[in-house]
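Biologist: I am new to this structure and would like a close look at a single part. Could you take me through a sheet first, and then show me what else is worth a look?

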Amino acid sequence: MSLLPRTAEEFSSVDYWERFFRKRGEKAFEWYGDYNSLCGVLHKYIKPRDKVLVVGCGNSELSEQLYDVGYHHLTNIDISETVVSQMKQRNAQRRPDLIFEQVDATQTGYESSSYQAALDKGTLDAMASEEEGALAGRMLTEVVRVLTVGGRYVCVTLAQEHVIKLAVEHFAEAGWAIRIHYLSQQNQDSDSSSFALPVFVLICTKFRQPPPFAVLEMCQGEDGAPYRLASVSELLSAIKERQAYALMIQKLRGGTDTLTTPSLTLCHAATGRPRYTLAVQDSLPSTKVPRANHFAIFIVPQGRESDWLYGSAEGRAQLASSAKFRRLIIVSMHRDQEYEDMQAVQSELSPMVMELVPPGMPDNQQVPFLSVGGDLGWREVVGRGVSEITGEYSVENVRGEDGRLYRRLVFMNNTQLVQSESRLRSTTTSSSAHKKKSKKKSKPPATDATASAGKGHTVDRGFLCCTHHEVMVAGLAVLGTEAIKNKDVLVSVLVVGLGGGGLPQFLRDFVPGVRVEVVELDPAVLEVAQTWFGFQTDDRLKVILGDGLEHISTLASQGGHSYDVIMFDVDSKDPTLGMSCPPPAFVETPLLEKVCKLLTPRGVFMLNLVCRDSSLRHSVMERVQAVFPCVFSRPVEGEVNEVLLCCRGGAEGHKPSVVPQELQQAAKSLQAVLRNSSQNAPCTPQIDISAMLKNLRVT
C-alpha cells in the first residue's frame with residue numbers, strides 16, 4: 001500500500017488526504033513526528049508555566065513527554081470516552097496532575113480567555129474534511145474564545161491546502177499574527193515507499209487590537225528567520241513549493257531519470273528572494289561513466305545561465321555527458337544577489353545539494369565542484385525598467401566564454417531567455433599601452449578587474465551575436481548579384497520585431513541603398529534599443545510602433561506598398577506552445593498570403609522559426625510551402641532555430657531541387673559590398689556570408 005503522492009498537485013486534493021487518513025487509521029498521526037522532532041518549535045512558543053489546552057489528544061505520547069520536562073498545566077481533551085479513560089489509567093500514578101477530559105472541542109464550556117496556549121497535533125487535519133470544513137471552523141472559533149490575549153494556537157499539520165487555507169483565513173480575519181514553520185521529517189516506513197511527508201507547525205497569536213495589515217510569515221526549520229508574505233495565496237504557494245520539493249527529493253533518491261530535468265530554487269533565508277537555481281541532470285545509461293564519478297556540482301558563471309549549454313534541456317544533457325558523472329547538479333546564480341567567491345558559494349550550497357545525491361552513492365564520497373575557469377563569472381546590471389506589455393526587464397553587461405564583454409536584454413518573466421544581445425567594443429585606443437607600463441607585478445582578482453569593465457565600451461554594431469541574424473543578412477544574396485552590387489538600386493526591407501535593433505542597424509550601416517522599416521509593438525523595447533544598444537534611426541532606418549499583424553494587413557489592403565525583403569523575428573509570449581518564435585498568428589495562411597503580396601517579384605520572405613513540436617513544425621512548413629513556390633531552410637547549429645528563406649519568384653513557379661550555384665557568387669558579391677561599405681565606419685562587419693549559406697537546403 002503506497003501513500004506516495006503521484007504528483008505535487010495531490011497535496012492540494014481533498015480526496016488524496018481522505019484516502020491517506022482512511023488507509024493509515026491511527027497510524028496516520030505517526031507522520032506528524034514525535035516529541036524529539038517537535039520540541040524545538042513547541043518550547044519556543046509554549047512556556048512551562050503556560051496553561052495549555054491540548055485539543056484532540058488521542059493516545060499520543062506528546063502530552064506525557066511535555067509533562068516529563070516540566071509542563072504541568074496541560075488539559076487534554078478528546079471526544080472519545082474510550083481514549084480519555086485509557087489515558088487517565090496510563091498516567092494515574094506517574095503523572096497525577098496531567099488532566100484528561102472527555103470534551104467536544106467545538107464547545108468546551110471552559111471560561112473565555114482562560115488558556116495561554118492551545119496545542120493541536122493533527123486534529124485540525126482530521127476534522128477539516130467533515131461537514132465541508134464547518135466542523136473545523138467551529139473548533140477554531142472555540143480556540144479563539146478560550147485563548148487569552150497573547151495566547152497562541154500551535155497546530156502541527158501536514159498542511160493540506162483546504163486545511164491550511166481554512167485555518168489561515170479564519171485567524172487572519174480575526175486579526176491574529178500567523179507564522180508557519182516548515183520541518184523536515186525523518187519518519188518513514190515501508191508502507192510509504194520511504195517517503196517522509198513534510199510537516200508544518202502553524203503558530204497563530206492573538207492580539208488585543210488587530211494590526212493594520214495581515215501578518216503572514218514563513219520560517220525554514222525550527223530556528224529559521226521569518227520572512228513576510230503579502231497574501232494568503234502567497235503563503236499557500238510557499239507551502240506547496242516545499243511539498244513539491246519533498247516529493248522531488250524522494251523521487252531523486254529512488255532512482256535516476258534521464259527524460260526530465262527537475263529543478264528547484266533556493267531562496268535567501270532572511271529575505272526569501274531567489275538566490276540559486278539547481279537543475280538535476282542524470283546521464284544516459286549508455287554514457288560511459290567512471291565508477292567513482294557518482295555526483296558533481298557545476299557552477300554556471302554569472303551572466304551565462306541563458307547560454308544554450310546551461311539554459312536549454314539539450315545543452316544541459318550535453319554538459320552532463322561531457323562531465324561524465326552519473327548525476328550533475330547545474331547551479332545558476334541569480335541577479336541582485338552578492339556572492340563572495342567560489343569557496344563561499346561551495347560552503348553555502350554543500351548542505352543542500354547533498355540531499356540530491358543519486359541512489360547507491362557510497363557514504364563519505366567526495367563531491368567535486370566544477371566550474372569554467374574556476375571563478376564565478378561576472379554580471380553588471382546597467383539598466384532596469386518596466387514594459388507595460390512584457391513587464392520588468394534588466395539590461396546587463398556580462399563576460400562571455402571568449403572573455404569579451406556583451407550586453408543583454410532580459411525580461412524577468414523569462415530569465416532563461418536573452419531577448420537581445422550585442423557585443424561591446426572598447427572606445428579607447430591608447431589606454432591599453434598605458435596600462436602595460438603602469439601595471440603592477442601582482443595580478444588583481446578577476447572580480448576587481450571586471451568591476452568597471454562596462455565603462456569605456458560601446459556596442460559593436462558590426463557584430464551580430466545571433467546566428468539567425470547572420471543568416472538573414474546572408475539571405476540578401478537571394479536577391480541576386482545585380483541587386484546587391486548596384487548601389488543606385490533601392491533595396492527595401494520590412495522587419496517585424498526590433499529587439500535590441502542589432503539586425504536592422506547592421507543592414508542600414510553596411511548595405512548600400514537599403515531602406516529599413518521596423519515594426520515594434522512595445523515602446524519600451526524601442527527605448528531600450530536606443531538607450532543601451534546603439535540603435536539610431538534616420539531617413540534610411542525608421543521604426544513604426546504598432547502591431548505587426550495589423551500593419552501588414554493594412555499595407556496589403558491599401559495597395560501600393562512593396563518590399564524586396566520582409567523579415568519576421570518576433571517571439572511568442574506563451575510558454576505553453578511548442579513554437580516560441582514566431583507567434584502562431586504570424587504563420588497562418590491568410591497572413592502569409594499578404595506577405596507574399598507585399599513582396600516585389602524578386603522579393604524574399606525571411607522567417608526565424610523556433611519550433612520544438614515536430615507535428616507543429618510540419619504544419620507550418622506545409623502552409624509556407626503552399627504560399628511560396630521556393631523555400632530554403634538553414635538550421636542553426638546547436639540551437640532549435642532555423643531560418644526560412646521564402647522566394648516569391650522562380651521560373652514560372654518552378655521549385656529547384658538543389659540550391660542554385662549562382663547563390664554562392666551572389667554571396668561573394670554581398671561580402672565584398674559589406675567590406676567596401678565599412679571603410680570609413682568606426683566598426684567593420686564581422687560576418688562570413690558564404691559560411692552562413694553553406695548548409696542551406698531546399699525544403
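Modeller: Happy to! Let us begin with an open sheet of 5 strands, ordered E10-E11-E13-E12-E14, in which the pairing is mixed. Strand E10 (263-267) and strand E14 (369-371) are at its edges and have a single partner strand each, so one side of each is left without a neighbour in the sheet. On average, neighbouring strands here are turned by 25° against each other, direction ignored. Before we go on, please keep in mind that this is a predicted model, where local features need pLDDT of at least 70 and side-chain atom pairs count only at pLDDT 80 or more, while totals for chains, interfaces and linings use all residues. Residues are numbered from 1 along each chain as its sequence is written, and side-chain values use heavy atoms, with hydrogens and water left out.

A word on terms: helices (H or I, at least four residues) and strands (E, at least two) are DSSP runs, numbered from the N terminus, and two strands pair if DSSP finds at least two bridges between them. Within the sheet, strand E11 (residues 274-282) and strand E13 (residues 327-333) run antiparallel and are joined by 7 bridges.

Now for some helices. Helix H18 (residues 548-558) packs against helix H19 (residues 589-598) at an angle of about 55°, with the axes 9 Å apart; axes are lines fitted to C-alpha atoms, for helices over the stretch in contact, and angles run from 0 to 180 degrees between N-to-C directions. H18 and H19 are therefore oblique to each other (under 35 degrees is roughly parallel, over 145 roughly antiparallel, 65 to 115 roughly perpendicular, and the rest oblique). The contact (heavy atoms within 4.5 Å) is made by Leu549, Ile552, Ser553, Leu555 and Ala556 of H18 with Leu591, Lys594, Val595, Lys597 and Leu598 of H19.

Lastly, histidine 469 lies in helix H14 (residues 467-474). Histidine 469 counts as buried because its relative accessibility is 14% (buried is under 20% relative accessible area, exposed over 50%, partly exposed in between, with a 1.4 Å probe and protein chains only). Apart from its neighbours within four places in sequence, histidine 469 is in contact with Leu464, Leu503 and Asp569.
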